[in-house]
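Please consider each question before reading its answer.

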Amino acid sequence: MLSRQNKSLIDLNSLEKNKIDFLFSLADQVAANKSLDFEGFGKTGALLFFEASTRTRMSFETACARLGVYPLRLDGKAGSSLEKGETFEDTVLNVDAMKPSFLVIRCGDELDLKALSEKVQSPILNAGWGKKGHPTQALLDAYTIRKHLGVCEGQKVLIVGDVRHSRVAASHFELAKKLGYEVALCGPTEFLPESSGQKVFTSLREGLQWASVAMALRVQLERHSHQYSLADYRKQYGFTQENLKSLSSKALIMHPGPINQGTELDTEVLRDSRCQVLDQVSNGVLIRQSLIYATLAGEK
Ligand code: CP
């Protein structure tokens, strides 16, 4: 169980291995239709999405519905006092004053979630924070790997594409250390971090031959000053049927979404038996339901 002091989930460095195992065992229970012993009636959870989201927002909402927790939603600026100039931080502090049982927050780098978690009463669950991290995405990815390959330990996860701007990759660097899987990177030099300490493959073919899990990332062209040719990118780094011939028949194909189909991953690849993209989304509900349960269990 998460202790009262560290119920916030801001990054994965501070989540102990036994707590990750506990979350995965809860997710197994939910997947097996065994209800979690929890009554959420009368509780609220604030879902503050200052940036766009489909999967994370709706899976947290689904998780709330399944636990009987009422979700208080804020989606972007429209209709909120952010339109009148109220800051993100003041918005969080004011919603926290309504005493929700937890605050789920998606935001850019301009908010300091770590500092904010010291100022609020309710635990903060990071739902994607700038380029810093997206812990529940990495957790649901690892849960998906464990489900299909039996264990996370010893797996070889190749992350392909725009790693430099990816909060998902940042969280995998943290989680890999806890769960014992190896992460390697592949992509154009300008898409990779200058020094991540990870193995780098310059050839996608060699990377795919090495990998037991191949994970494509969205090309975040809006963040690049230099316009990269999408046709060149697809040919060299795209998950096309042709390129994926180098990947083992037992390996997994993953993508956190949203996908630029025809750039980092071709539409036909979504029908490849190795592709787990929609199962990742289903597992996102299990992980977020388990996280909310673990956050609230024992709360008076
Ligand atoms: N993977 C992910 O975070 O997707 P959304 O941005 O749609 O939530």
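A residue is called buried when its relative accessible area is under 20%, exposed when that area is over 50%, and partly exposed in between. The model shown here is a predicted one.

Q: Is Asn33 buried or exposed?
A: Asn33 belongs to the loop between α1 (17-31) and β1 (44-49). Its relative accessible area is 73%. A residue counts as exposed when this value is over 50%, and therefore Asn33 is exposed.

Q: What is the phi of Asn33, which is not a glycine?
A: Asn33 lies in the loop between α1 and β1. Although Asn33 is not a glycine, its phi is positive, at about 60 degrees.

Q: Where is Lys99, a residue that is not a glycine and has a positive phi?
A: The phi of Lys99 is about 60 degrees. With a relative accessible area of 56%, Lys99 is exposed. The place of Lys99 is the loop between α3 (88-96) and β3 (102-107).

Q: Is Ser290 buried or exposed?
A: Ser290 is part of helix α9, which covers residues 277-296. The limit for a buried residue is a relative accessible area under 20%. For Ser290 the value is 0%, and therefore Ser290 is buried.

Q: Which backbone atoms does the side chain of Ser290 reach?
A: Leaving aside neighbours within four places in sequence, Ser290 is in contact with Leu23, Leu26, Ala27 and Val30. For Ala27, the side chain of Ser290 comes to 3.1 Å from a backbone atom; for Leu286, the distance to a backbone atom is 2.7 Å. The atoms reached are the backbone nitrogen of Ala27 and the backbone oxygen of Leu286.

Q: Which residues surround the ligand?
A: The space that the ligand takes is the largest pocket. Around the ligand are Ser53, Thr54, Arg55, Thr56, Arg106, His134, Gln137, Pro256 and Gly257.

Q: How much of the ligand does the protein bury?
A: An oxygen atom of the ligand lies 2.7 Å from a polar side-chain atom of Thr56. A nitrogen atom of the ligand is 3.0 Å from an N or O atom in the side chain of Gln137, and a ligand nitrogen is 3.2 Å from a polar backbone atom of Gly257. Taken alone, the ligand exposes 250 Å², and the part of this area that the protein buries is 92%.

Q: What is the omega of the peptide bond that joins Gly257 and Pro258?
A: Pro258 is found in the loop between β9 (252-254) and α9. The bond joining Gly257 to Pro258 is a cis peptide bond. Its omega is about -5 degrees.

Q: Which residue has its backbone nitrogen 2.8 Å from a polar atom of the side chain of Asp272?
A: Asp272 is located in the loop between β9 and α9. A polar atom of its side chain lies 2.8 Å from a backbone nitrogen, and that nitrogen belongs to Arg274.

Q: How far apart in space are Ala65 and Leu48, C-alpha to C-alpha?
A: Ala65 is found in helix α2, residues 55-67, and is exposed, with a relative accessible area of 57%. In sequence, Ala65 and Leu48 are 17 residues apart. In space, their C-alpha to C-alpha distance is 16 Å.

Technical notes
Residues numbered from 1 in each chain as written. Predicted model: local features only at pLDDT ≥ 70, side-chain atom pairs only at ≥ 80, totals over all residues. Heavy atoms only, no water. Helix = DSSP H or I, 4+ residues; strand = E, 2+ residues; numbered from the N terminus. Buried < 20%, exposed > 50% of the residue type's maximum accessible area, 1.4 Å probe, protein only. Polar contact = N/O pair within 3.5 Å; in protein donor to acceptor, adjacent residues only side chain to side chain. Contact = heavy atoms within 4.5 Å. Near = heavy atom within 4 Å. Areas by Shrake-Rupley, 256 points an atom, 1.4 Å probe, with all protein chains shown as cover. 1 Å grid on protein atoms, 1.4 Å probe; cavity = no way out; pocket = protein on both sides within 12 Å on 5 of 7 lines; lining within 4 Å. Sits in = over half its atoms within 2 Å of the grid points.
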